[in-house]
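Please look through the model below before reading on.

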Amino acid sequence: MRVLHFYKTYYPDSWGGIEQVIRQMCVGTGRLGVTNEVLTLTRNGGPTEMVIEGHTVHRVPNNFEIASNAMSFAAIRKLARLARNADVIHYHFPWPFMDLAHFMARIDKPSVVTYHSDIVRQKTLLRVYTPLKQRFLRSVSAIVATSPNYMASSPVLGRYRNKTRTITYGLDKSIYPKPAQATLDKWRARCGERFFLFIGMLRYYKGLHILLDALVNADYPVVIVGAGPLEQELKQQAERLGLTHVMFVGALEEEDKVALLELCYAMAFPSHLRSEAFGISLLEAAMYGKPMISSEIGTGTTYINADGVTGLVVPPSDPAALGQAMATLWENPQLAADMGRRAEERYWELFTAERMAQNYVSLYRELKG
């Protein structure tokens with residue numbers, strides 16, 4: 001069976017959560033006999049085709065963007081050509097240009113949309129886009145919600161319940177690098193024996209300004225991994241608040257990131273808006289047996305982090321509640337260790353890449369008929 005994935009960004013240009021999920025889908029379903037290809041846009045030039053971990057990645061130029069909506073003239077022709085040899089087209093939502101390309105390329109193959117997130121921020125453009133979005137979602141064969149929480153809370157998915165099913169994200173721990181002892185020693189020396197960790201793009205919905213406010217009267221170390229549009233603003237906030245115990249380490253290679261996951265005391269994940277539909281780094285923390293702190297925003301974050309079981313869940317945009325949760329874990333090492341153990345158990349039960357791949361292969365076969 002041949003599956004063509006279509007999304008605006010992918011490796012090696014971008015290393016975000018959706019890119020990680022597509023990678024895990026391709027590797028996992030590839031082990032079950034699926035031949036995967038990915039069509040994506042690039043602003044960096046380089047090869048137009050490459051093989052990554054057994055699947056072929058086709059790259060076309062990103063010509064321009066409007067409100068983060070990447071567009072490519074070549075993508076429409078390429079989508080039409082690659083679709084001829086595919087059994088199933090796998091779209092990754094949201095990306096308004098993708099909806100348009102689907103119709104302009106005249107796709108008539110079975111198709112599935114993984115619905116990664118509602119569109120939250122661009123209210124005015126959303127009104128213009130809504131008729132195309134609704135036509136696109138009506139036209140595809142199936143829609144996948146990424147958690148039961150998101151399925152229950154999304155007003156968009158509620159309109160398409162008859163064609164929507166839930167398949168949670170999954171990760172394969174075996175494809176993560178094992179950090180060298182020297183790498184572990186480097187980060188232990190730099191960060192100390194106990195610290196909270198955040199990993200992610202420094203974007204508006206990640207709630208890092210809330211985390212910094214929560215740390216004003218605390219002195220436990222916090223390590224922030226990632227880069228993004230709010231980096232300088234957040235650093236200025238930390239300096240203004242006198243947070244010398246907060247360390248911004250920028251975007252890191254996978255080995256360094258895994259080293260920090262292994263070494264950290266707990267994961268602080270303060271995302272406060274529904275743009276955070278799941279939280280791959282939150283799931284990575286569970287995979288490495290770490291207790292978690294997250295906010296209740298009606299999305300998959302609370303499906304990963306069960307309050308009082310695998311960590312603590314606080315109201316969104318509440319620095320005092322977040323600070324209290326951090327203090328609770330910091331002052332109760334046995335509680336933190338027990339929650340971390342249960343987090344890893346929950347990962348193995350619900351969130352493995354093997355489980356995700358099996359569910360998608362079953363769906364692909366159903367759609368192919």
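**Overall fold**

In this predicted model, the protein chain contains 14 helices and 16 strands. Its radius of gyration is 21 Å, close to the 21 Å that the globule rule gives for 369 residues, so the chain is as compact as a globular protein of that length. Along its principal axes, the C-alpha trace spans about 60 × 45 × 40 Å.

Two further values describe how the chain is packed. Of the 369 residues, 57% count as buried. Among contacts between residues at least 6 apart in sequence, 70% join residues at least 24 apart. As for the surface, the protein chain exposes about 15,300 Å², and carbon and sulfur atoms supply 50% of that area.

**Nonpolar cores**

In soluble globular proteins, nonpolar side chains tend to be buried together. Here the largest nonpolar core has 83 residues. Those with the most contacts inside this core are Leu197, Leu215, Ile224, Met267 and Met326. The core draws at least three residues from each of two domains: domain 1 (2–171 + 352–368) and domain 2 (173–350).

Which residues does Leu197 touch, leaving aside its neighbours within four places in sequence? Leu197 is in contact with Val223 and Val225, with Leu260, Leu261 and Cys264, and with Ala266, Met267 and Ala268. Met267 is also listed with Leu197 among the residues that have the most contacts inside the largest core.

A second, separate core has 37 residues, including Leu79, Trp95, Phe136 and Val140.

**Backbone details in loops**

One runs from Tyr11 to Pro12, with omega near 0°; Pro12 lies in the loop between β1 (2–6) and α1 (17–30). The other runs from Phe93 to Pro94, with omega near 15°, and Pro94 is found in the loop between β7 (88–93) and α3 (96–104).

Positive phi values also occur in residues other than glycine. Glu53 is not a glycine, yet has a positive phi of about 50°. The loop that holds Glu53 is between β3 (49–52) and β4 (55–61). Arg106, likewise not a glycine, has a positive phi near 55° and lies in the loop between α3 and β8 (111–115).

Are these residues exposed or partly exposed? The relative accessibility of Glu53 is 43%, so Glu53 counts as partly exposed. For Arg106 the value is 74%, and Arg106 therefore counts as exposed, the cut-off for exposed being over 50%.

Notes
Residues numbered from 1 in each chain as written. Predicted model: local features only at pLDDT ≥ 70, side-chain atom pairs only at ≥ 80, totals over all residues. Heavy atoms only, no water. Core = buried A, V, L, I, M, F, W, Y, C linked by side-chain atoms within 4.5 Å. Buried < 20%, exposed > 50% of the residue type's maximum accessible area, 1.4 Å probe, protein only. Domains from an automatic or database assignment. Contact = heavy atoms within 4.5 Å. Helix = DSSP H or I, 4+ residues; strand = E, 2+ residues; numbered from the N terminus. Rg over C-alpha atoms; globule rule 2.2 N^0.38 Å. Areas by Shrake-Rupley, 256 points an atom, 1.4 Å probe, with all protein chains shown as cover.
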